[in-house]
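I opened this notebook to record what I looked up in the structure shown below. The entries run from terms and overall form to single residues.

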Amino acid sequence: MSVDNRLLRAADDPDDCLIGQAGDDGMNGAGIYKGDLLLIEEADWAALDNGVLVAVLVEDRLLPREFAFANGRIPLRPADRHYTEDTFPPDHPGCYVIGRLLGLIRTL
């Protein structure tokens, strides 16, 4: 799928961007729903600011979450109170922070 470059204005490098499908409703409080297409700019977790929305691969699901780094761990905060916050060490094999969210595409 190609994306109009106007949707990638906030990207440092549009070539580092990709699209993935949200795997749950954990961020529905922020307007992101399961099945939404997420525009993601790949970035190392260490380069991300606390509070930014990110895409994380947890096991086999792509999850949008609020990013933070504290006490040597990465807590992934959902915006829906029905979901729990998961916390991982940065080198956990079942958790990979892909990068920050730039936007989303929703189909009707």
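**Terms and source.** I call a residue buried under 20% relative accessible area, exposed over 50%, and partly exposed in between, with a 1.4 Å probe and protein chains only. The model is predicted: local features need pLDDT of at least 70, side-chain atom pairs count only at pLDDT 80 or more, and totals for chains, interfaces and linings use all residues. Residues are numbered from 1 along each chain as its sequence is written, and side-chain values use heavy atoms, with hydrogens and water left out.

**Entry 1: elements.** I looked up the secondary structure and found seven strands and zero helices in the protein chain. Helices (H or I, at least four residues) and strands (E, at least two) are DSSP runs, numbered from the N terminus. Read from the N terminus on, the order is β-β-β-β-β-β-β.

**Entry 2: overall form.** I then compared the radius of gyration, taken over C-alpha atoms, with the globule rule of 2.2 Å times the number of residues to the power 0.38. The protein chain has 13 Å, which agrees with the value near 13 Å for a compact globule of 108 residues. Along the principal axes, the C-alpha atoms fill a box of roughly 40 × 30 × 25 Å.

**Entry 3: surface and contacts.** Of the 108 residues in the protein chain, 36% are buried. The protein chain exposes about 6500 Å², and carbon and sulfur atoms supply 47% of it. These areas come from the Shrake-Rupley method with a 1.4 Å probe; for residues, only the protein chains shown count as cover. I also looked up contacts, meaning heavy atoms within 4.5 Å. Among contacts between residues at least 6 apart in sequence, 56% join residues at least 24 apart.

**Entry 4: charges.** I noted 10 positive and 19 negative side chains, with the centres of the two sets 8 Å apart. Lys and Arg count as positive and Asp and Glu as negative, while His and the chain ends are not counted. Each charge is placed at NZ of Lys, CZ of Arg, CG of Asp or CD of Glu.

**Entry 5: cores.** Which residues form the largest nonpolar core? I list eleven: Leu48, Val54, Val56, Val58, Leu63, Phe67, Ile74, Leu76, Phe88, Cys95 and Val97. Strands β3 (53-58), β5 (74-76) and β7 (95-105) each supply at least two residues of this core. The largest share, three residues, comes from β3. A second, separate core has nine residues, including Ala22, Ile40, Leu62 and Ile98. A nonpolar core here is a set of buried Ala, Val, Leu, Ile, Met, Phe, Trp, Tyr and Cys residues joined through side-chain atoms within 4.5 Å. Returning to Ile74, I find that, beyond residues up to four places away in sequence, it touches Trp45, Phe67, Ala68, Phe69, Asp86, Thr87, Phe88, Pro90 and Val97.

Entry 6: The C-alpha atoms of Ile98 and Val56 are 5.5 Å apart, although 42 residues separate them in sequence.

I followed two of these partners. Leu57 lies in strand β3 and is partly exposed at 33%. With neighbours within four places set aside, Leu57 contacts Leu62, Gly94, Cys95, Tyr96 and Ile98. Glu42, in strand β2 (residues 37-42), is partly exposed at 40% relative accessibility. Not counting residues up to four places away in sequence, Glu42 touches Asp16, Leu18, Ile98 and Gly99.

**Entry 7: loops.** Most residues other than glycine have a negative phi. I noted Glu59, which has a positive phi of about 55 degrees although it is not a glycine. Glu59 is in the loop between β3 and β4 (61-66) and is exposed, with a relative accessible area of 59%. Asn71 likewise has a positive phi of about 55 degrees without being a glycine. Asn71 is in the loop between β4 and β5 and is exposed at 79%. Lastly, I looked up Thr84 in the loop between β5 and β6 (86-88), and Thr84 is exposed at 56%. Thr84 and Gly26 are 58 residues apart in sequence and 8.6 Å apart in space, C-alpha to C-alpha.
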